[in-house]
Amino acid sequence: MGVPDTTGKCETRNIKNPLFCTKKAEQKKRKIWKLVLTGGPCGGKTTGQARLSTFFENLGWKVYRVPETATVLLAGGVNFAELPQYAATEFQENLLRTMIQIENSFFALAEASERNCLIICDRGTMDASAFVSKEEWEEILLKNGCDEVDIRDNRYHQVVHLVTSAKGAERFYSIDDHATRKEGLEEARERDTRAAEAWIGHPYVDIIDNNSDFENKINRLISCVAVKMGIHIGDRLKVNARKVKFAISGPLPPDSSFPSFRDFEVVHHYLQTASRTMQSRLRKRGRLGKWSYIHTIRKQVSGQVIEVKTPLTHRDYTHLLDQQDPLHLTVNKIRRCFLYNNQYFQLDIYKDPCHPRCKGLMLIETYTTLAPNEVIDRLPKFLNIDQEVTGDPAFSMFNLSLREEWINNKKFCHRLSDDEDDDVEATQEAHDRLEAVHRKSSVADFLGAGLSASPGI
């Protein structure tokens, strides 16, 4: 489903009706957030929905809760395990169609509303793919004129996966008091993994695991939704999730070394701004010619750096491109998304055309509540992790995309502030840190080439 037009223009045929124009303008100001809650059985989805509803209703939002389509159908007497393969595939196809129709009804209600709206979808379109083979899923999409970028990336703003209690909180796992839940522990774990893998590739996936008690698990859910929506919640929920980023030394291992993954083309453009306390960028992300568009504004407010992300139509994206900053180069990447150790990772592989400082650069990031030493243990073992670069200006995309060299460059950003940031020594140190990563990658590439050329290896 496409993102509503945000230009704020009144329709020509109603130009003589100021009340209509005012109403349309007010509707375009309010926010609609489409959220998918997914996960394995006994992960907390039911409680999570209720607590999310209460939290946002207390903020004055209208909350719509889209029921789980599969539960509705299974409660009618369907036993999925007893269906022959052809019938099981047809069931998933009908499930997808029904889900889209039900969701569209709620989406339309939200569009017509004059209030901020949160739509909580109990599972979403991609969950159906977890129960069929890749070939069957592609056939279902083809028959129904669907595309994964549209029904996954463009349809929902955020996906939150609540990990089943069968992974890490086994003593709380239960199938009692749930008419359609029949999974044992092993099957629950398998279902959880498949549900998580179904959403690989969505730009905003959060994994809420069982590394805390249940109350904190639900608080983490509410917090990650509020943060993505740009709603300041202070310390009310006491959640310490943060983004961490690491540099990767080459060469990139073969695809067979990775768990299930999705690759996307990503293009970033920095736009001109009037203040050093604000950065503005456009992102185009997609695969096989299908794209989604985001406008991100990063700014300093009361000493804190916040980010506001706004989905765009293709038309709005094209218009904003006219504001591209000539002091920055376009950033081109391959973004590889995958799950590993219950963490959702995004590996950015910079590609041509790019500034020489970006050639061969690879950065991996994830969101986590773990302590620094625990994060290291969760990182993919098949990658050559170099060092943590979270918050390091040497690995900031804003600085990496600068057209001119960093030394004596007034645009180089050590931090978002009104300061001139003309610390030549600090800029040189940032340059040296980036070069050190490149040198390690060059050595690794050389050794790898030598080994592959050696006889008997």
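**Figure 1. Contacts across the whole predicted model.** Of the contacts in the protein with a separation of 6 or more, 70% are between residues 24 or more positions apart. What you are looking at is a predicted model. Its secondary structure comes to 12 helices and 14 strands. Of the 457 residues in the protein, 47% are buried.

**Figure 2. Helix α8 and its surroundings.** Let's start with a helix spanning residues 214–229, which is α8. From its first C-alpha to its last, this 16-residue helix reaches 23 Å, close to the 22 Å expected at 1.5 Å a residue. Is α8 enclosed or open to the outside? Because 12 of its 16 residues are buried, α8 is largely enclosed by the rest of the structure. Among the buried residues of α8 are Lys217, Asn219, Arg220 and Lys228, along with Ile218, Leu221, Ile222 and Val225. The cover over the buried residues of α8 includes the strands β1 (32–39), β4 (158–162), β5 (205–208) and β13 (362–368), as well as helix α2 (45–58). Just past the end of α8 comes glycine 230, with a positive phi of about 80°.

**Figure 3. Where α2 meets α8.** Here we zoom in on one of the elements covering α8, namely α2. The axes of α2 and α8 come within 10 Å and cross at roughly 50°. The two helices are therefore oblique to each other. α2 passes α8 in a right-handed crossing. On the α2 side, the contact is made by Thr47, Gly48, Arg51, Leu52, Phe55 and Phe56. Facing them in α8 are Phe214, Glu215, Ile218, Asn219, Leu221, Ile222, Val225, Ala226 and Met229. The residues of this contact divide into 10 nonpolar, 3 polar and 2 charged.

**Figure 4. Where α4 meets α5.** The crossing of α4 and α5 is right-handed. Which residues meet in this contact? From α4 come Gln85, Thr89, Gln92, Glu93 and Leu96, and from α5 come Glu136, Trp137, Ile140 and Lys143. By type, the residues of the contact of α4 with α5 divide into 3 nonpolar, 3 polar and 3 charged.

Figure 5. The bond from glycine 250 to proline 251 is cis, with omega near -5°. Proline 251 lies in the loop between β6 (242–249) and β7 (261–271). The peptide bond from aspartate 352 to proline 353 is cis too, with omega near -5°. Proline 353 lies in the loop between β12 (343–350) and β13, and aspartate 352 is found in that loop as well. What does aspartate 352 touch, not counting residues up to four places away in sequence? It touches Asn332 and Lys359. The C-alpha atoms of aspartate 352 and asparagine 332 are separated by 6.7 Å, although these residues are 20 residues apart along the chain.

**Figure 6. Positive phi at cysteine 42 and leucine 288.** Cysteine 42 is not a glycine, yet its phi is positive, about 60°. Its place is in the loop between β1 and α2. Leucine 288 is another residue other than glycine with a positive phi, near 55°. The loop that holds leucine 288 runs between β8 (278–287) and β9 (290–301). Is leucine 288 buried or exposed? With a relative accessible area of 76%, leucine 288 is exposed.

**Figure 7. Alanine 430 and its contacts.** Our last stop is in helix α12 (residues 424–453), where alanine 430 is found. This alanine 430 is buried, with a relative accessible area of 0%. Leaving aside neighbours within four places in sequence, alanine 430 is in contact with Ala394, Trp406 and Phe412. Phenylalanine 395 is 35 residues apart from alanine 430 along the chain, and their C-alpha atoms are separated by 8.4 Å.

Conventions
Residues numbered from 1 in each chain as written. Predicted model: local features only at pLDDT ≥ 70, side-chain atom pairs only at ≥ 80, totals over all residues. Heavy atoms only, no water. Helix = DSSP H or I, 4+ residues; strand = E, 2+ residues; numbered from the N terminus. Expected span 1.5 Å × (residues − 1). Buried < 20%, exposed > 50% of the residue type's maximum accessible area, 1.4 Å probe, protein only. Contact = heavy atoms within 4.5 Å. Left-handed = near helix turned anticlockwise from the far one by under 90°. Nonpolar A, V, L, I, M, F, W, Y, C, P; charged D, E, K, R; others polar. Axes fitted to C-alpha atoms, helices over the stretch in contact; angles between N-to-C directions. Parallel < 35°, antiparallel > 145°, perpendicular 65-115°, else oblique.
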